[in-house]
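Me: I have a protein model open on my screen. Please take me through its layout, one question at a time.

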Amino acid sequence: MKKFLLIVLVAVILLFTYLPTSVATIAEDYCDCVLVYTKKPIKNNFATSKDIGGLCILEVENCEVKNILKKEAVLGISFSFDGNDCTYKDVINRMCKEVKFEQNFQGISTVYGYTPNWEQTVNIDNEEVNIQIAFNNGKITVGCPLILGSY
């Protein structure tokens with residue numbers, strides 16, 4: 001019985017050690033401002049809402065990301081920060097449970113993957129993805145389910 005409990009304990013520890021990091025945690029770790037895309041305006045003391053043809057964009061301070069992401073109307077999130085190749089790989093390792101595919105085009109590296117920390121998915125080349133991470137000239141951009149805007 002003791003061996004069984006020890007095995008279960010080790011399995012639980014390993015499970016939580018290898019779970020991908022949440023989008024909000026990465027945003028809090030690396031950047032000051034996050035763009036959140038919503039279906040409808042969300043009232044928040046810390047956010048500035050801009051309506052662009054039925055899609056609302058909120059600029060949110062990183063300390064408020066977790067609170068905003070609890071709202072039902074959130075469609076996606078995008079944020080950028082300065083980094084290098086090591087930071088880019090670290091973000092991929094921390095966020096993606098599974099890398100679906102990678103692209104390199106005109107000096108821009110892009111990874112499409114899956115994280116259990118984001119519900120919405122999109123289908124790209126018959127693969128369900130819900131995170132996109134790009135690296136371009138020292139700038140890392142993260143988007144869930146996809147990057148919205150330029151990178």
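**Burial, folds and pairings**

Reply: Of the 151 residues of the protein, 38% count as buried, where buried means under 20% relative accessible area, exposed over 50% and partly exposed in between (1.4 Å probe, protein chains only). This is a predicted model, in which local features need pLDDT of at least 70, side-chain atom pairs count only at pLDDT 80 or more, and totals for chains, interfaces and linings use all residues. Residues are numbered from 1 along each chain as its sequence is written, and side-chain values use heavy atoms, with hydrogens and water left out.

Me: How many helices and strands does the secondary structure come to?

Reply: Helices (H or I, at least four residues) and strands (E, at least two) are DSSP runs, numbered from the N terminus. Along the sequence they follow the pattern α-α-β-β-β-α-β-α-β-β-β-β-β-β. The total is four helices and 10 strands.

Me: Is α2 roughly parallel or roughly antiparallel to α4?

Reply: The axes of α2 (residues 23–30) and α4 (residues 85–95) come within 10 Å and cross at roughly 155°. Axes are lines fitted to C-alpha atoms, for helices over the stretch in contact, and angles run from 0 to 180 degrees between N-to-C directions. Angles under 35 degrees count as roughly parallel, over 145 as roughly antiparallel, 65 to 115 as roughly perpendicular and the rest as oblique. So α2 is roughly antiparallel to α4.

Me: Which residues of α2 and α4 make the contact?

Reply: Contact means heavy atoms within 4.5 Å. From α2 come V23, T25, I26, D29 and Y30. From α4 come T87, D90, V91, R94 and M95.

Me: Is S22 buried, partly exposed or exposed?

Reply: S22 sits in the loop between α1 (2–17) and α2. Its C-alpha atom is separated by 6.7 Å from that of M95, 73 residues apart along the chain. With a relative accessible area of 26%, S22 is partly exposed.

Me: Which residue in β4 is the bridge partner of Y37?

Reply: Two strands pair if DSSP finds at least two bridges between them. Strand β1 (residues 33–38) and strand β4 (residues 74–82) run antiparallel, joined by four bridges. In β4, the partner of Y37 is G76.

Me: Which residue in β10 does I77 stand opposite?

Reply: β4 is also joined to β10 (residues 139–144), by six bridges. These two strands run antiparallel. Opposite I77 stands C144.
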